[in-house]
Amino acid sequence: MSGSETPIGNSIPLLTPYKLGNFNLSHRIVLAPLTRQRSYNSIPQPHAILYYSQRTTNGGLLIAEASEISDTAKGYQDMPGIYTKEQVEAWKPIVDAVHAKGVFQPNGQAPISCTDKPLTPQILTNGVDVAQYTPPRRLRTDEIPGIVNDFRLAARNAIEAGFDGVEIHGANGYIIDQFLKDQVNDRTDQYGGSLENRCRFALEIVEAVVNEIGADKVGIRLSPFADYMESGDSNPNALGLYLVQSLNKYGILYCHVIEPRMKLQDEIAECSDSLAPMRKAFKGTFIAAGGYTREDGNKAIAENRADLIAYGRLFLANPDLPRRFELKAPLNKYNRETFYISDPVLASRLNLVFVDAVKQTESIQMGTSNFYGGSGASALSKDGATGSEACS
């Protein structure tokens, strides 16, 4: 998202301008898509206006959290949707505000996947509670075109809601990621087995979304090296390289990739793998994410290892993150226990002190990942758990 605040300086690589397609970004610090679970009944809520506008800078890029592309796309409770008229209308004031400033499945059915293999119970981010998951239902081959069409319609709805583009969420264990990875995809049809077959679903979605809204409004998020929700791959380097080479023919705006060191969602691991081959092969804008600080973000830009750097947890706790980076100011510490609290009032009890001495109350983010870029541009991104993400 972008707003009308005073442009920030460009004394460090992260704060230098960047042209992202039709969007003129004033800096290279991107808000990563962050699940918040505060969109009751899948409807984006008014409190999201404050959340996004707090993180808006003149010429900045924000990526909203993943949004559901259909009523069978519910990865978590209280995620926003982008498949009904009511949801589209609820998004509009949120997008306008940014521009002005610059058991979840229906009818109790099983979640859909590329497989019917059950997921092992997972310890939640609080380190104590354990989540139990309903075994998924394997999609029939003849059902897959319908899911692809859901992504297409969600992209259309995002543009109608005022977003500038869409980020397809092909990472973090969502449905596209499940199809991509050989440790979860055990299909024997044209969507399983070989690398080309496992990538077919993702590329069909990209093609459908590009045909609907234009390649200049489409990005994709990938995590080939990650093993979120037991969605790992035996050869992530080959997977990542094949994907970006295949994406080149569609001419999409950007590719947003999670660093190999983030194999698990909440830990930075020692890793010899690198995004360099993907960066070199992809012909569009390259966004890197995953455990970045001010220092290594600057280094990545200076060494041309990425064009933009996406920040998540630091941006949650520091809505004025670009300004803090500019001034080399201390950062607020994030509180993981508040990340997924559904109640916006409870979650906002921590007052965030802005570096310019204005205290504002933390607000909450919602589901679909849309993005707002450059001079007040906004866009949406889709995930496949069955959701979408949009960027701002």
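Visitor: Is Asn172 buried or exposed?

Guide: Keep in mind that this is a predicted model. Asn172 is found in the loop between β10 (165–170) and α4 (175–180). Its relative accessible area is 14%, and buried means under 20%, so Asn172 counts as buried.

Visitor: What about the backbone there: what is the phi of Asn172?

Guide: Most residues other than glycine have a negative phi. Asn172 is not a glycine, yet its phi is positive, at about 60°.

Visitor: Which loop holds Met229, and what is the relative accessible area of Met229?

Guide: Met229 also has a positive phi, about 50°, without being a glycine. The loop in question runs between β11 (218–222) and α6 (236–247). Met229 is partly exposed, with a relative accessible area of 27%.

Visitor: Which residues have the most contacts inside the largest nonpolar core?

Guide: In soluble globular proteins, nonpolar side chains tend to be buried together. Here the largest nonpolar core has 80 residues. Helix α5 (residues 195–213) gives the largest share of this core, eleven residues. The ones with the most contacts inside the core are Ile168, Phe201 and Tyr311.

Visitor: How many residues are in the second, separate core?

Guide: Its members include Ala32, Ala289, Leu308 and Ala310.

Key
Residues numbered from 1 in each chain as written. Predicted model: local features only at pLDDT ≥ 70, side-chain atom pairs only at ≥ 80, totals over all residues. Heavy atoms only, no water. Core = buried A, V, L, I, M, F, W, Y, C linked by side-chain atoms within 4.5 Å. Buried < 20%, exposed > 50% of the residue type's maximum accessible area, 1.4 Å probe, protein only. Helix = DSSP H or I, 4+ residues; strand = E, 2+ residues; numbered from the N terminus.
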